[in-house]
Amino acid sequence: MAPPHSMLGACSSKDPKAQRAIWNNTAPNFIHRVHVIQEWLDVCERQHPNCQSAEIGLSTRSLDLDTQELDVVQLVGMQDIEKTSGLIRYAALSHCWGSGSLLCKTTKLNSAVHRKGIQTKSLPRTFQDAIRITITLGIRYLWIDALCIIQDDADDWSIEAAKMAQVYQGSYITLAATSAQDGNGGLFVDALRSPTLVVSTDDDPQLQGNTVEASSLTTTCLVRCSIGSLRDIWDSSLSRRAWVLQELVLSPRLVHFTSQQMYYQCHEGIESEDRTLKVAGFSSIKSGSVAAEADTNGL
Ligand SMILES: [Zn+2]
């Protein structure tokens, strides 16, 4: 896993950045963080014409997250659904398998069972997190390679592997398990390792004696011990994976889940959850240029 980027960041509690829960002194919870993703998606849909590419449902199978049973998802054929419902909005997961074998993967032996239903608690942490986030975003279908491709069927694997680029291109959003080394790493949505410190200036007598600027000084200074950095993405486990480029480049909208914070990437650029990193343009993202970090006011 990449070492945390060590730069300090600070802002006043009145700064618009501080509206994000990540600047709170207590760790932001799951709902706060999914709300940030929804906020990014809303802006992308309303203000980014270049991001409005057609959603093309090209995956053969997907996970249906809206089943009759609680905590059960179902492997379904998308072509049958698309015949009756038109193109389907879905999310896709980009992740590292790790060195171990994924016991939950779909095979010829268990594919019929997976069509009947998969208990989410039987899945690795990263898959469970992706399912929770997708459901909370109001998206019914999720594509995960390990479950949606029959892994020991050479014919199915070669057909579906050839379509993989289109699957990411056609997704509404890709959830990238950027820091997780394997399926058990998770998406870090429930806890962050770099909490924000709070330095209060309210009780400082010297500051309170200053009648001229008193109103602006009676505020709180928020300090984060790690701020947005493209290194969180490019030094990550996922970015070192051989196939990752197609997923990162072709996905129209992508959220990087790192151990430090989330990053939203679309055709217009990239933004960190703490709003300290905002880089305009897609070329800098593709090249992984950390020099672009100097432009923190971008977009
Ligand atoms: Zn966008």
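Along the sequence, the residues that donate to the zinc ion follow the spacing C-x3-H-x2-C-x214-C. Because Cys 51 sits in the loop between helix 1 and strand 2 while Cys 266 belongs to strand 11, this pair ties together parts that are 215 residues apart in sequence. The model is a predicted one, in which local features need pLDDT of at least 70, side-chain atom pairs count only at pLDDT 80 or more, and totals for chains, interfaces and linings use all residues. Numbering runs from 1 along each chain as its sequence is written, and side-chain values rest on heavy atoms, with hydrogens and water left out.

A closer look at the metal site comes next. The protein donors (N, O and S atoms within 2.8 Å of the metal, or 3.2 Å for Na, K and Ca) are Cys 44 (SG), His 48 (ND1), Cys 51 (SG) and Cys 266 (SG), at 2.2 to 2.4 Å from the zinc ion. Cys 51 and Cys 266 are both buried, that is, under 20% relative accessible area with a 1.4 Å probe, counting protein chains only.

The chain holds 11 helices and 13 strands, taken as DSSP runs of at least four residues (H or I) and at least two (E), respectively, and numbered from the N terminus. Of its 299 residues, 50% count as buried. An open sheet with mixed pairing is formed by 10 strands in the order 5-3-2-6-4-7-10-11-12-13, where pairing calls for at least two DSSP bridges between two strands. Its edges are strand 5 (118-119) and strand 13 (278-280), each pairing on one side only. Helix 1 (residues 30-47) packs on the sheet, touching strands 7, 10, 11 and 12, and its direction makes about 15 degrees with that of strand 11. Such touching means heavy atoms within 4.5 Å, and angles run from 0 to 180 degrees between N-to-C directions of axes fitted to C-alpha atoms.

Strand 7 in turn pairs with strand 10 through three parallel bridges, with Thr 174 partnered by Leu 254. From strand 7, Ile 173 and Leu 175 point one way and Thr 174 and Ala 176 the other, and all are buried.
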